[in-house]
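This report describes a structure of two protein chains in plain terms. Please keep the sequence and the model at hand while reading.

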Amino acid sequence: MAAVEVTWPGGAAAQDRNARFEEIVRTYGTRVHTLVYRMVGSEADDLVQEVFLQVYRSLPRFRGEAKLTTWLYRIATNRCLDHLRRRRRTQTRFLSLDEYAQDCVLEAAQPGASPEAGTEALDLTREIRRCLTTLPVELRTVVVLRDLEGLEYRQIAAVLGWPLGTVQSRLHRARTLLKQQLSPYLEG
Amino acid sequence: MRCPDPVQLEALVDGELPADRAAGVTRHLEECPACATQVRRIRQLVALLRQRSVPVLDELEVAQLVESVRRKAEVKRRLTFAAWRRSLVAASLVLALGTGALTWYRLNSPGRRPVAPDAFALALLHEHRRYEVALGAAADLGFNVQVAVLGQ
């Protein structure tokens, strides 16, 4: 995660809640959307709204003990984990084939690429997405936060409330599973 | 040097090893093809995963998101307020009914006539300062003074 942090001149209490909220969405909206999208795919839009609704309601209680980004990531990942666990438990809502294909096309789209390259990228993206989807939710979360969002281990530990050792061991398990599944795309 | 733990090799790739430890592991990689291969595969995997692009929000979508969340928050706030108001009205009704029922029971149940504290409270209401006067006043009004005296 980039080191940019929203600061509140004059102290948090002096800021108007709506203005603060708008600033947060403008600064971090895309990043949170990206994270949620990587976690849940095409259902991200609704979930992002839920995340920011919680942010809006919790904003008056945010005292800055944690970094703002850590706080946002914590809310977003908890929402995603709840959503994924609920979906797994109820077994009522999986990505339909159309939604799955649409996600993959969106992710693989590279402006200016040839049709062949586009097809290859689509296959690879589809495969990566499939592999990520098959990971247990905790492993998927840690690999998304580290390898896709670029968070440091200690940031991941703060976001998920796990000990540092747990972050490392789960990341190792996630990568081991992904390496097995994606071995055709890896050299050596 | 013995082969490092796979978790340490990943920490090296992620730039999470302390400098002295990283230097030791890096030296080890030069002489251990197996560990060097593991590190290369981790790097390839990370690079592969990072190729995935995702749809990003444009300015308009951000504005829509802000507006939508505010609207939902306002609706939720109103619903919460309405729910509180309903709960308050219901609680008041229950309290009023309960108080009424209790009062009726105390006044109409023969075995449960008001006792000393009630008589004393009544005496105070009538501005009597002496306890026996209060009991007398209570007896005149039909309170169960005998029970009250025994209760003292």
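How many contacts beyond four places in sequence does the model have for residues 92-98 of chain A? The model has 9 of them, and pLDDT stays under 50 over that stretch.

## Basis and confidence

This is a predicted model, in which local features need pLDDT of at least 70 and side-chain atom pairs count only at pLDDT 80 or more, while totals for chains, interfaces and linings use all residues. Residues are numbered from 1 along each chain as its sequence is written, chains are lettered from A and ligands numbered from 1 in the order in which they are written, and side-chain values use heavy atoms, with hydrogens and water left out.

The average pLDDT (the predictor's confidence in each residue, from 0 to 100) is 79 for chain A. In that chain, 74% of the residues score at least 70. Residues 7-14 of chain A have a pLDDT that stays under 50. For residues 7-14 of chain A the model has 8 contacts (heavy atoms within 4.5 Å) beyond four places in sequence.

## Chain B

Chain B contains 7 helices and 0 strands, where helices (H or I, at least four residues) and strands (E, at least two) are DSSP runs numbered from the N terminus. Along the sequence the pattern is α-α-α-α-α-α-α.

Of the 152 residues in chain B, 28% are buried; buried means under 20% relative accessible area, exposed over 50%, and partly exposed in between, with a 1.4 Å probe and protein chains only. Taking the contacts in chain B between residues at least 6 apart in sequence, 39% join residues at least 24 apart.

## The interface

Chain A gives 44 residues to the contact and chain B gives 33. Together the two chains bury about 4000 Å², which is the accessible area (1.4 Å probe) that two parts lose on being put together, summed over both. Carbon and sulfur atoms carry 59% of this area.

The rule finds 4 salt bridges across the interface, a salt bridge being a side-chain nitrogen of Lys or Arg within 4 Å of a carboxyl oxygen of Asp or Glu. E22(A) and R70(B) form a salt bridge, with their closest N and O atoms 2.9 Å apart. On the side of chain B that touches chain A, the elements giving two or more residues are helix 1 (6-13), helix 3 (33-50) and helix 4 (59-108) of chain B. That side has 17 nonpolar, 5 polar and 11 charged residues; Ala, Val, Leu, Ile, Met, Phe, Trp, Tyr, Cys and Pro count as nonpolar, Asp, Glu, Lys and Arg as charged, and the others, Gly among them, as polar.

## Three buried residues of chain A

L182(A) sits in the segment after helix 8 (164-181) of chain A and is buried, at a relative accessible area of 0%. L182(A) touches E127(A), I128(A), C131(A), L45(B) and L48(B), leaving out residues up to four places away in sequence. L182(A) and E127(A) are 55 residues apart along the chain, yet their C-alpha atoms are separated by 7.8 Å.

R146(A), in helix 6 (residues 137-148) of chain A, is also buried, with a relative accessible area of 8%. Beyond its neighbours within four places in sequence, R146(A) contacts residues including E152(A), R175(A), D14(B), E16(B) and R50(B). Y37(A) belongs to helix 1 (residues 17-40) of chain A and counts as buried at 4% relative accessibility. The C-alpha atoms of Y37(A) and L47(A) are separated by 9.0 Å.
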